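Reader: I would like to learn how to read a structure like this one, step by step. Could we begin once it is in view?

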Amino acid sequence: MATDSASACIRQTERFGAHNYQPLPVVIASGQGAWVLDVEGRRYLDCLAAYSALNFGHRHPALVAAAHAQLDRLTLTSRAFHNDRLGEFMERLATLAGTQMVLPMNTGAEAVESAIKVARTWGYRVKGVPTDRARIIVAANNFHGRTTTIVGFSSDPGARDGFGPFTPGFDTVLYGDAEALAAAITPETVAVLIEPIQGEAGVILPPEGYLAQVRRLTAEHGVLFIADEIQSGLGRTGATFECDNAGVRPDLYLLGKALGGGIVPVSAVVGESSVLGVLRPGEHGSTFGGNPLAAAVGIAVVDLLETGEYQSRARELGAVLGRRLEELVGAGVQSVRVRGMWAGVDIDPDLATGHRVCELLAERGVLAKETHGSTIRLAPPLVITAEEIDWAIDQLREVLAELS
Ligand SMILES: Cc1ncc(COP(=O)(O)O)c(C=O)c1O
């Protein structure tokens, strides 16, 4: 698939870049909506959407216009000063989430790290946990990012081995097991941190009612419920937040990826002022967090989400995706899990690895990514059409037939 100029780009990347990724041999040069073009002008349907950072597609006109307008005016101030976009962004985002305060950061991992700090200091200042004794409960098979604290509570050896020593203070329970969670809570527990759907683990949906049980248990024990909606949030699952689908409201939402409209990294911790209000000046920050360019794009993202259009597209077209994927069960696919426009597809491991299936899909013009082993993840931009979904699943069917 890699042509001469693509090969040159790949060689250069391999030669000068650290080898912390194993990308498919596709070199993308431009994109619009759900489609990208490689350096040779070959078209691919993007069914990964940068792990949900491109929920609104490549270069959504309203988002690009907001970024251009801001680029022409002001891009960075640092938080040493106020800027005239950040307040509006935070008010609009807090309102969208039906809550009060926002702590703006840049990447998803930073939002997670920030929430850990907030939860610990909330534990000491509000809950009365003795200094340095705070504990946070996390789920097995979680994925919350790549910093050392976060990989320290990962159960994936590939993410954690070789990077210790790790930060103490985390307890791991089985995902989806409310009894295990109840048993793990102690007076020193300050928070439960979970993904409402485990994306990297393979788009794993918890059992019905689990998130409501997490909410009930955390409320009963005076423990914060932190929902990492960095991948599940902002339209992907057919609602603004996956927690909406479950009818629960966490104490803190962690947002990232699509919050930056696929243009700039924007993340945030969003929640009640009784929790986020514990931070005092000088205790936390980031040079780029809350910059005016990020805020301008973030406001435009909130504008799009307020229409409800993307959430309903994810619901309606997600039903098409689910129906088409179900047809493949028994024909090279062992099982599928779908919520909104997000699917985990378990390929028969006797047939091929997920990586191999993604290579063959790319040869047919469909970009997707494996999670682990033989599971692939589909997360197309929410601007994709029903016809394009049909075409993508036809390509998957052909790939599976080829491999059988
Ligand atoms: C649920 C979840 N949390 C956190 C992160 C980390 O985000 P980032 O890669 O922007 O640091 C990810 C990234 O995939 C994620 O899926």
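Reader: Is Val-203 buried or exposed?

Author: Before the case, two points on reading. This is a predicted model, in which local features need pLDDT of at least 70 and side-chain atom pairs count only at pLDDT 80 or more, while totals for chains, interfaces and linings use all residues. Residues are numbered from 1 along each chain as its sequence is written. A residue is buried if 20 or more other C-beta atoms lie within 10 Å of its own, exposed if 12 or fewer, and partly exposed in between, with C-beta atoms placed from the backbone. Val-203 is buried, because 26 other C-beta atoms lie within 10 Å. Val-203 also has a positive phi of about 55° although it is not a glycine, and it lies in the loop between β7 (189-194) and α9 (210-220). Helices (H or I, at least four residues) and strands (E, at least two) are DSSP runs, numbered from the N terminus.

Reader: Which value does phi of Lys-257 take, and why does Lys-257 count as buried?

Author: Phi of Lys-257 is near 40°, a positive value in a residue other than glycine. Lys-257 counts as buried because it has 26 C-beta neighbours inside 10 Å, and its place is in the loop between β9 (252-255) and β10 (267-271).

Reader: Which residues of the largest nonpolar core touch the most other members?

Author: A nonpolar core is a set of buried Ala, Val, Leu, Ile, Met, Phe, Trp, Tyr and Cys residues joined through C-beta atoms within 7 Å. The largest one here has 121 residues, and Ile-226, Leu-254 and Val-297 touch the most other members. Helix α12 (residues 292-306) gives the most to this core, with 10 residues. If residues up to four places away in sequence are left aside, Val-297 touches several residues, including Leu-63, Ala-66, Gly-260 and Ile-263; a contact requires C-beta atoms, placed from the backbone, within 7 Å.

Reader: How should I read the sheets, and what is the order of the open sheet with mixed pairing?

Author: Strands of a sheet pair through backbone hydrogen bonds, either parallel or antiparallel. Two strands are said to pair if DSSP finds at least two bridges between them. The open sheet with mixed pairing has four strands in the order β1-β2-β3-β13, and its edge strands, β1 (28-32) and β13 (366-367), each pair on one side only. Strand β3 (residues 43-46) and β13 run parallel and are joined by two bridges, with Val-366 in β13 as the bridge partner of Leu-45.

Reader: Which order do the strands take in the open sheet with antiparallel pairing?

Author: Its four strands follow the order β11-β12-β15-β14, with β11 (333-338) and β14 (369-370) as the edge strands, each pairing on one side only. Five bridges link β11 to strand β12 (residues 343-347) in the antiparallel sense, and Arg-337 stands opposite Gly-344 in β12.

Reader: Which residues come nearest to the ligand?

Author: A residue is near a molecule if its C-beta atom, placed from the backbone, lies within 6 Å of it. Of the 15 residues around the ligand, Gly-108, Ala-109, Gly-145, Ile-230 and Gln-231 come nearest. Helix α5 (residues 108-127) gives the most to this shell, with three residues.

Reader: Where does the cis peptide bond lie?

Author: The peptide bond from Gly-164 to Pro-165 is cis, with omega near 0°, and Pro-165 lies in the loop between α7 (157-160) and β6 (170-173).

Methods. Two residues are in contact if their C-beta atoms, placed from the backbone, lie within 7 Å.
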